[in-house]
Amino acid sequence: MPHKELLSLFAPFGITEDDKQNIAQKAVVKTFAAQMLLNNSENCLGFVLILQGSIRAYIIGENGKEITLFCLKSGDSCVVCSHCTLQSIEHNILLETNSKSKILIVPAKLFATLKEKYPKLADFTLTLLSKRLSQTITTLEQALFKPLVERIRDFLRKNEHNGEIQMSHENIANHLGSTREVISRILKEMENRGEIQLGRKRIVLLEI
């Protein structure tokens, strides 16, 4: 049962049986198709535990460009959604599924109450936030200081499955905060050098 996974995650925080039952009753499991937006400024998820699939957290700049800050996979948890579980921080980090995903959600109001009641859970929340912040800083450092071709190589290596990537140039551009035209040009240059082979929404890794 997914709720058992959640209660197991919360077990070290000294939560009472009554509160455990409250969590089990109010937490919900939702399934989302690929490329679905899970939250926005009016819709906060609360605490999430990824049961299946993969989710990317990203921001959109004033110019409309997207950049992926970090990704969450099965077994990961997160409190960074849209300024709800951490009201003192103003941000709008969006969550979108990379693939069909199943997520267990503890509503924001309930999680906020539990966080105030249990200091160990509050500490866990800060640790989790620090981890996501570290990932975000690393991403932004790479975006500022690392050549785009190297970032593309890293992205392809991290996301390959059986030596290939099934993703459009537009999607890669969104992950890396670039444009489709620039990504397509660099990928073509990499193909000419024999590093990859391009297909329709498909990239085969050769010598990366």
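This section describes the fold, cores, ring contacts, cysteines and sheets of the structure above. The model is predicted: local features need pLDDT of at least 70, side-chain atom pairs count only at pLDDT 80 or more, and totals for chains, interfaces and linings use all residues. Residues are numbered from 1 along each chain as its sequence is written, and side-chain values use heavy atoms, with hydrogens and water left out.

The protein has 7 helices and 10 strands. The C-alpha trace spans about 65 × 35 × 25 Å along its principal axes. Of the 208 residues, 43% count as buried. Buried means under 20% relative accessible area, exposed over 50%, and partly exposed in between, with a 1.4 Å probe and protein chains only. Contact means heavy atoms within 4.5 Å. Among contacts with a separation of 6 or more, 71% come from residues 24 or more positions apart.

In soluble globular proteins, nonpolar side chains tend to be buried together. A nonpolar core is here a set of buried Ala, Val, Leu, Ile, Met, Phe, Trp, Tyr and Cys residues joined through side-chain atoms within 4.5 Å. The largest such core holds 19 residues. Leu6, Phe10, Ile23, Phe47, Val106 and Leu121 touch the most other members. Two or more residues each come from α1 (2-10), β2 (47-52), β7 (101-106), α3 (108-117) and α4 (119-145). Apart from this core lies another, of 16 residues, among them Ile50, Ile55, Phe70 and Leu72.

A search of the whole structure finds 6 aromatic pairs. Rings of Phe, Tyr and Trp (its six-membered ring) pair if their centres lie within 6.5 Å; planes under 30 degrees apart count as stacked, over 60 as edge-to-face and the rest as tilted. Phenylalanine 47 and phenylalanine 111 form a stacked pair, because their ring centres are 5.0 Å apart and their planes at 20°. Phenylalanine 47 lies in strand β2 and phenylalanine 111 in helix α3, so the pair ties together parts 64 residues apart in sequence. Both residues are buried. Ring pairs also link Phe10, Phe13, Phe47, Phe111 and Phe124 into a cluster.

Charges also sit over rings. The criterion is NZ of Lys or CZ of Arg within 6 Å of the ring centre and within 35 degrees of the ring normal. Arginine 56 lies over the face of tyrosine 58, at 4.0 Å from the ring centre. The charged end of arginine 132 sits over the ring of phenylalanine 70, 5.7 Å from its centre.

The structure holds 0 disulfides, a disulfide being a pair of cysteine sulfur atoms within 2.5 Å. For cysteine 71, the nearest cysteine sulfur is that of cysteine 78, 11 Å away. Cysteine 71 is partly exposed, with a relative accessible area of 35%. Cysteine 78 is buried, at 1%.

Strands count as paired if DSSP finds at least two bridges between them. β3 and β4 pair in the antiparallel sense over 7 bridges. Serine 54 has lysine 73 in β4 as its bridge partner. Their hairpin has 5 residues between the strands, and glycine 64 takes a positive phi near 90°. β3 also pairs with β6 (residues 94-97), antiparallel, over 4 bridges. There, alanine 57 stands opposite leucine 95 in β6.

A further open sheet has 3 strands in the order β8-β10-β9, with antiparallel pairing. β8 (164-165) and β9 stand at the edges with a single partner strand each, so one side of each is left without a neighbour in the sheet. β8 and β10 pair over 2 bridges. Isoleucine 165 has isoleucine 203 in β10 as its bridge partner.

Helix α6 (residues 169-176) is mostly covered, with 6 of its 8 residues buried. These are His169, Ile172, Ala173, Asn174, His175 and Leu176. Their cover includes β3 (54-60), β4 (66-73), α5 (148-159), α7 (180-192), β9 (196-199) and β10 (202-205). Glycine 177 follows α6, with a positive phi near 70°.
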